[in-house]
Amino acid sequence: MGTGSIFQTTRRIVMGAGALARAAEEVRGMGGKRVLVVTDPGLAGTGMVDRLEEQFRKARIACERFADVEADPSYETAVRAGESLRAFRADAIVGIGGGSAQDVAKVASILATNPGEVSSLFGIDLVPKPGLKLMLIPTTAGTGSEVTPIAILSDHHEKLKKGIVSPHLFPSVALLDPELTLGLPPHITAATGMDALIHAVEAYTSRNATPVTDMLALQAIRLVHGNIRTAYANGADIKARSDMMEGSMLAGMAFANAGVTAVHAFAYPIGAEYHIPHGVANSIMLVPVMEFNMLGNLPKFAYLAGVLGENVVGLSQREAALKAVEALRVLTQDLRVPARLSGFGVRDENIPDLAKGVMKVTRLLANNPRQLQAQDAEAIYRRVL
């Protein structure tokens, strides 16, 4: 990054059990009088969104709902959300849900103020003007999207996931209420929690890491790794849920600034082509990529082992680094996250094309602690076939 580094994050974060009760007050504080609520059909069916909208109505804030967000949302969905926004003449947006709903809300907010095709915004710093006022309310301890300047959308024609990266995607307010995660089923707790942990591990081992991102990433690893088994096994444990949500947010702050590495680069092609959920795709790729990467920064991977609770007394750096990889492997087994690509229909003959897809994700490969060639990518995919 040359001579210095830049750190940026969401400027107002409201956090704690019961924080949802402050939503209307926060929208008022942003100057919102007409709000579009962006969410997904599953969450809309739980009554959570009804509670939020009821709160807005009591506060005399007009609201309309866009509940068509799918998993791995397409850019067409974001465009439709932008159209709903204009039709309702909204002056603010609230995105409530997992990363998909939050990302669609982010993109809708900038489409409201930046005319033209959404495709012209894909890339880094290509959004000319700030979007509408935006509040994000995560309901998983996963993506950390509420504190990142990134939105990922699927291009189903090219079978690729594409990112918009711009400081204009930071929301005005992030509202984190761990009570909203109490109803998450174990498999979603596991997949989203692994996503958060991977964000932190990749930010810590990124070539763009700084002392500030290291501090955030290490605390995120302690919180998520220390609580994910409890949250998975006993979803009603509010302390575990609170620590998971805080860890997910800190991981988001870390990777928003340091970047993620090759685990995500491997997850994108298999997610786009085989519709493997993002957290699961990352979990499958985590161990083989980490084993490949560790030679690029043995001291950091060795230190990671201790943070993950491994006893590294008397071990060499390489032995300690392998312990870190093994700790992550055992964790994915405990959480029963799928570990093989063949279970999703991937066959050996598909691997060369998938590897080509990995090599296209240059934005992330630039952060990777070890240089990656196409034949490395093929070998890594084959390890988890």
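Analyst: Ala, Val, Leu, Ile, Met, Phe, Trp, Tyr, Cys and Pro are classed as nonpolar, Asp, Glu, Lys and Arg as charged, and the others, Gly among them, as polar. The model here is a predicted one. By these classes, the lining of its largest cavity comprises three nonpolar residues, three polar and one charged.

User: Which residues line the largest cavity?

Analyst: In general, rolling a probe the size of a water molecule over the atoms shows where empty space is left. In this structure the lining of the largest cavity consists of A141, T181, L184, T189, T192, R241 and M244. Two or more lining residues come from each of α6 (186-205) and α8 (238-258). The space within the largest cavity is about 40 Å³, and the whole structure holds one cavity of 30 Å³ or more.

User: How many residues of α9 are buried?

Analyst: Burial means under 20% relative accessible area. In α9, 12 of the 13 residues are buried, so the rest of the structure largely encloses this helix. Among them are F266, P269 and I270. Just after α9, H275 has a positive phi of about 55°.

User: Which residues have the most contacts inside the largest nonpolar core?

Analyst: They are M194, F266, M285 and Y381, in a core of 84 residues. Beyond its neighbours within four places in sequence, Y381 contacts residues including F266, P269, I270 and M285. Another core, of 25 residues, lies apart from the largest one and includes M30 and C63.

Note on methods: Residues numbered from 1 in each chain as written. Predicted model: local features only at pLDDT ≥ 70, side-chain atom pairs only at ≥ 80, totals over all residues. Heavy atoms only, no water. Buried < 20%, exposed > 50% of the residue type's maximum accessible area, 1.4 Å probe, protein only. Helix = DSSP H or I, 4+ residues; strand = E, 2+ residues; numbered from the N terminus. 1 Å grid on protein atoms, 1.4 Å probe; cavity = no way out; pocket = protein on both sides within 12 Å on 5 of 7 lines; lining within 4 Å. Points joined across faces, edges and corners; volume = space filled by probe spheres on them. Core = buried A, V, L, I, M, F, W, Y, C linked by side-chain atoms within 4.5 Å. Contact = heavy atoms within 4.5 Å.
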